[in-house]
Amino acid sequence: MSGANGRDTTLQRTIVGTVTLEGYGLHTGEPVQTTLRPAAENTGILFRRVDIEGQPEIPGLVEYVTGVEWETVLGPDEACVRTVEHLLAAIAAAGIDNIDIDMIGPEPPAFDGSSAKWCEVFRELGTEEQGAPAPSLAIDSPFFLKSGDSRYAVMPYPGYRISAEIEFENPAIGRQFASLQVDEPTFYREVAGARTFGLEAWQESLQSRGLALGATEDNTILVTDEGIAPDAKLRYPDEFVRHKVIDLIGDLALVGARLQCHVVAERPGHRGNVEVARRLRSLVDAGGEAEQRLDIQDILAHIPHRYPFLLVDRILEFEAGERILGLKNVTINEPFFAGHFPDHPIMPGVLIVEAMAQVGGMLLMNEFEEPRDKVVYFMSLDDVKFRRPVTPGDQLQFEVELLQFRGRVCKMRGVARVDGDRAAEATMMAQVVDR
């Protein structure tokens with residue numbers, strides 16, 4: 001993975017004028033007040049708790065995240081700001097780089113539980129260009145991330161796009177998918193009005209922890225086992241996944257740069273969103289420098305496979321003892337296409353798994369001082385699934401996680417993707433032996 005700063009040559013923007021808004025916090029249920037003010041160049045998003053002595057400031061950056069359970073929290077407990085994701089999403093969609101946010105109380109007003117009110121405010125205030133270039137981050141190579149049940153693929157893209165899928169057993173929600181370009185008119189039209197939601201089964205647990213105390217029928221869609229209340233009309237047929245898109249855009253605003261990438265999220269949540277933001281932020285901090293990569297010569301030096309059975313072209317990402325991301329370009333010149341099948345070439349599933357295993361082998365080789373003297377023998381495969389055919393012209397990307405490593409025996413989990421879609425997955429057991 002690599003990033004390049006400065007591709008977006010547009011100038012920084014801030015709001016025109018000041019406005020104060022009042023309401024109630026979604027989680028605290030307390031009266032709150034938020035004042036939005038223009039900010040100077042290179043200020044970024046800056047929260048200020050004006051109701052606390054010293055008026056502590058909290059930058060809207062991912063390194064200041066202190067909580068991700070059911071909301072995104074910035075700053076220490078005594079001076080934190082909570083549930084900032086809906087406001088941040090509207091800021092990002094409006095292309096605002098610099099803004100001062102003065103807060104009385106820990107939360108912005110919940111309004112109707114969506115980003116619509118914030119979008120209306122920014123449209124009414126307007127924005128203006130400033131003199132400095134807007135910070136930007138473009139993704140040159142994809143990366144993948146898993147956080148609990150959430151999975152993400154971040155891929156190169158000429159603009160900024162979000163795609164998200166959710167799935168709930170509750171029939172009122174079920175499985176939903178949404179995808180959109182992140183810009184002000186599209187955001188306002190497609191997702192800004194999507195409200196937060198909660199299952200009735202969550203209510204008692206959340207409130208016992210001091211959460212959702214301000215949730216009402218005016219700002220939250222309550223979903224029961226029977227479905228949605230008759231008077232709780234949805235604004236979009238798939239309003240639930242659209243609200244998840246709001247949360248994701250808001251959390252990624254904490255990167256502190258205008259993003260140029262396509263983020264594909266499966267079952268996104270605040271914890272996973274913030275982990276993606278941290279990965280992206282690390283590229284901003286590194287000035288766009290690429291993470292460690294291994295080319296074909298490095299691969300040949302680490303594993304014994306050779307033509308026609310070497311099925312890895314490049315290692316894109318490498319985290320020692322944790323995970324690895326490898327790439328295989330599939331061309332019509334692959335020797336196996338001559339017989340599988342001449343008139344309908346499809347890469348054999350067993351070779352997809354073999355390529356995944358070779359990538360995993362590269363991860364294991366780093367654990368030994370003399371990798372040239374070692375060989376990885378795979379002992380078992382479990383939970384093997386093939387999701388889609390792989391054909392000439394596809395680019396396979398393999399993400400392998402090291403789940404357990406004891407002595408010379410390890411357990412790994414691998415996923416193969418094409419254009420962000422799963423092609424295959426498997427759990428592998430392997431042993432490293434001397435040659």
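Me: Which residue's side chain is joined to that of Ser147 by a polar contact?
Reply: In this predicted model, Ser147 lies in strand 12, which covers residues 143–147. Leaving aside residues up to four places away in sequence, Ser147 touches Arg271, Gly272 and Glu275. Among these contacts there is a polar one, 3.1 Å in length, between the side chain of Ser147 and that of Glu275.

Me: Is Ser147 buried or exposed?
Reply: A residue counts as buried when its relative accessible area is under 20%. The relative accessible area of Ser147 is 8%, and therefore Ser147 is buried.

Me: How are helix 1 and helix 5 oriented to each other?
Reply: Helix 1 (residues 85–93) packs with helix 5 (residues 239–252), and their axes are 7 Å apart at an angle of about 75°. Angles of 65 to 115 degrees count as roughly perpendicular. The two helices are therefore roughly perpendicular.

Me: How do the residues of the contact of helix 1 with helix 5 divide into nonpolar, polar and charged?
Reply: From helix 1, Glu85, His86, Leu88, Ala89 and Ala92 take part, and they meet His243, Ile246, Asp247, Ile249, Gly250 and Asp251 in helix 5. Sorted by kind, the residues of this contact are 5 nonpolar, 3 polar and 3 charged.

Me: What distance lies between the end C-alpha atoms of helix 5?
Reply: Helix 5 is mostly covered, with 13 of its 14 residues buried. At 1.5 Å a residue, these 14 residues should span 20 Å, and in agreement with this the end C-alpha atoms of helix 5 are apart by 20 Å.

Notes: Residues numbered from 1 in each chain as written. Predicted model: local features only at pLDDT ≥ 70, side-chain atom pairs only at ≥ 80, totals over all residues. Heavy atoms only, no water. Axes fitted to C-alpha atoms, helices over the stretch in contact; angles between N-to-C directions. Helix = DSSP H or I, 4+ residues; strand = E, 2+ residues; numbered from the N terminus. Parallel < 35°, antiparallel > 145°, perpendicular 65-115°, else oblique. Contact = heavy atoms within 4.5 Å. Nonpolar A, V, L, I, M, F, W, Y, C, P; charged D, E, K, R; others polar. Buried < 20%, exposed > 50% of the residue type's maximum accessible area, 1.4 Å probe, protein only. Polar contact = N/O pair within 3.5 Å; in protein donor to acceptor, adjacent residues only side chain to side chain. Expected span 1.5 Å × (residues − 1).
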